[in-house]
Amino acid sequence: MVNNSLKAPLGPPSDVEEIKERSDYLRGTLKEVMLDRLSAGIPDDDNRLMKHHGSYLQDDRDLRNERQKQKLEPAYQFMLRVRLPGGVATPEQWLVMDDLSEKYGNGTLKLTTRQTFQIHGILKWNMKSTIQGINQALMDTIAACGDVNRNVMSTSNPHQSQIHAEVYEWGKKLSDDLLPRTRAYHEIWLDEERVAGTPDGEEIEPMYGPLYLPRKFKIGMAIPPENDVDVFSQDLGYIAIVEEGKLIGFNVAIGGGMGMTHGDTSTYPQLAKVIGFCKPEQVYDVAEKIITIQRDYGNRSVRKNARFKYTVDRLGLENVKVELENRLSWNLEKAKPFKFDHNGDRYGWVKGLQGKWHFTLFVQGGRIADFEGYSLKTGLREIAKVHTGDFRLTANQNLIIGSVSAQKKKKITELLEKYGLTDGKHHSALRRSSIACVSLPTCGLAMAEAERYLPVLIDKIEKIVDENGLRDKEITIRMTGCPNGCARHALGEIGFIGKAPGKYNMYLGAAFDGSRLSKMYRENIGEEEILSELRTILPRYAKEREAGEHFGDFVIRAGIINATTDGTNFHENV
């Protein structure tokens, strides 16, 4: 029931709302246009719907100008994203993704910051075969993009402990239970026959309704002291509370989000705020009711203000909590104490449950490919052929070769050594703490390079790091090609947002544990200015830091960045 004391924003619906309304529950004309071979692209209306099926139409921007000169249409291709709750895949599924990327994609796989696979470079006429191949491997791409709940993030390694396994299972159940109910995906891609006499909209989508959500919705589940999923960046975050070795429930945090628009102060990154505690069996009820609040009150007029964080800010945190409890018909308990200490990954071998071993592999930029002198993709393919455990994609774009038996550990170690696949400890701790979005050449929103450039920039920053004895000091560094926040730049102790080719806004001062946002330090600067600034700041950090002090804390304490309201620790907002 809608609370009449709260109001949805006024204004005409955006064009995307109109597209969804006339889409026949996400069908549009996708089935027909995907058969059209006159163009490698599809109409914009169908592309907006395509997101809900897990894909975006893109073009190779490296070729855009040349193709324009030749009066050719852009080099259209599709990016396809898998729904993979908690980032868990079997070796057989890994081999399927590897094969599909070779057969239909650009030969690489991207491990995303939301713990899933992306394949880039798929041509239109190969999309159906690719999606069917993914589904035959018992995965899917439903709701991996679009105005729905996205891939649910969870602890990177469920077999690290019994608690990790429990939390992963709750995350997987959430992902499955919050899926859209329309059969459009199955009809278009899997050749399911449409049932005659389909019931009305409310029955088709009892939670989402015919218009789905105003924007995407993201859920993450973390287990203190590890915040590897950056739980405060989520629309809805669940923080596991463990007492006497048992999972007793979750603190609930709402209203996080990293995206913004350059020059528009009505948009901003924001940390989720803790509003209470629920028991494990209540997580679906809480998620469903929060999603319906966003469905009813989110901004359907202006998409850049449509994320749940803006709904929370417009209505007021306490009002949203009251509305949530009204819809639940019960009250959240008071939040329980917790503490995070980092938001990165732990590399190398670690022993977990039942004597199984887990190896965390550093994957620069999350790109699985064979590089000159480094056969990463081939090596992982050979490991998958003999591995009997699982693969775990982390929120930091790395990979865990998980649940390795003592008998298999020797063979997998031999393969790791044969192909030079190490835990990355020969790299600087700065590089091992890096994340970059895809950006150019495939992302249509990119204003500057990210994945292709950050490793080059780190090469140069490493010289400063080495000169100052900081090679083994973890400093989170993140780069996005635009302000949308796919690499969670606002939670990097050093963050870069693309502004124009070769130009970035530079941010400093986020907390190492993911509990404080960074602040703008320099605007619209290039490599020379970036290195100049770091040649001043990093030596100061090396000389003036206190014992155990992280870089983000130091730049605030030293007055390099001022701690103001939008940079305060989230605990002050609990």
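1. Leu-95 belongs to helix α5 (residues 91-103); helices here are DSSP runs of H or I with at least four residues, strands are runs of E with at least two, and both are numbered from the N terminus. This is a predicted model, in which local features need pLDDT of at least 70 and side-chain atom pairs count only at pLDDT 80 or more, whereas totals for chains, interfaces and linings use all residues. Residues are numbered from 1 along each chain as its sequence is written, and side-chain values use heavy atoms, with hydrogens and water left out.

2. Leu-95 is partly exposed because its relative accessibility is 27%; buried means under 20% relative accessible area, exposed over 50%, and partly exposed in between, with a 1.4 Å probe and protein chains only. Beyond its neighbours within four places in sequence, Leu-95 is in contact with Arg-381, Ala-384 and Lys-385, contact being heavy atoms within 4.5 Å. The C-alpha atoms of Leu-95 and Ala-137 are 9.7 Å apart, with a sequence separation of 42 residues.

3. The count of salt bridges is 49, where a salt bridge is a side-chain nitrogen of Lys or Arg within 4 Å of a carboxyl oxygen of Asp or Glu. One network of salt bridges links Glu-17, Lys-20, Asp-147, Arg-300 and Arg-303.

4. Lys-173 and Asp-177 form a salt bridge through their side chains, at 2.9 Å from N to O. About one helical turn separates Lys-173 from Asp-177, because they are four residues apart in helix α7 (residues 162-177). Lys-173 is partly exposed at 43% relative accessibility, and Asp-177 is partly exposed at 22%.

5. A salt bridge also joins Glu-323 to Arg-327, with 2.8 Å between the closest N and O atoms. Both residues lie in helix α12 (residues 317-328), four residues apart, or about one turn of the helix. Glu-323 and Arg-327 are both buried.

6. Which residue forms a salt bridge with Arg-557? The partner is Glu-546, and the closest N and O atoms are 3.7 Å apart. Arg-557 lies in helix α18 (residues 551-557) and Glu-546 in the loop between α17 (527-544) and α18, so this pair ties together parts that are 11 residues apart in sequence. Arg-557 is partly exposed, with a relative accessible area of 41%, and Glu-546 is partly exposed at 46% relative accessibility.

7. The whole structure holds 15 aromatic pairs. Rings of Phe, Tyr and Trp (its six-membered ring) pair if their centres lie within 6.5 Å; planes under 30 degrees apart count as stacked, over 60 as edge-to-face and the rest as tilted. Phe-232 and Phe-340 form an edge-to-face pair, at 5.9 Å centre to centre and with 80° between the planes. This pair links distant parts of the chain, 108 residues apart: Phe-232 is in the loop between β6 (219-222) and β7 (236-243), and Phe-340 is in the loop between α12 and β10 (348-351). Phe-232 counts as buried because its relative accessibility is 0%; Phe-340 is buried, with a relative accessible area of 3%.

8. Trp-94, Phe-117 and Phe-391 make up one aromatic cluster.

9. Two arginines lie over tyrosine rings. A charge sits over a ring if NZ of Lys or CZ of Arg is within 6 Å of the ring centre and within 35 degrees of the ring normal. Arg-392 lies over the face of Tyr-168, at 6.0 Å from the ring centre, and Arg-522 over the face of Tyr-521, at 4.2 Å from the ring centre.
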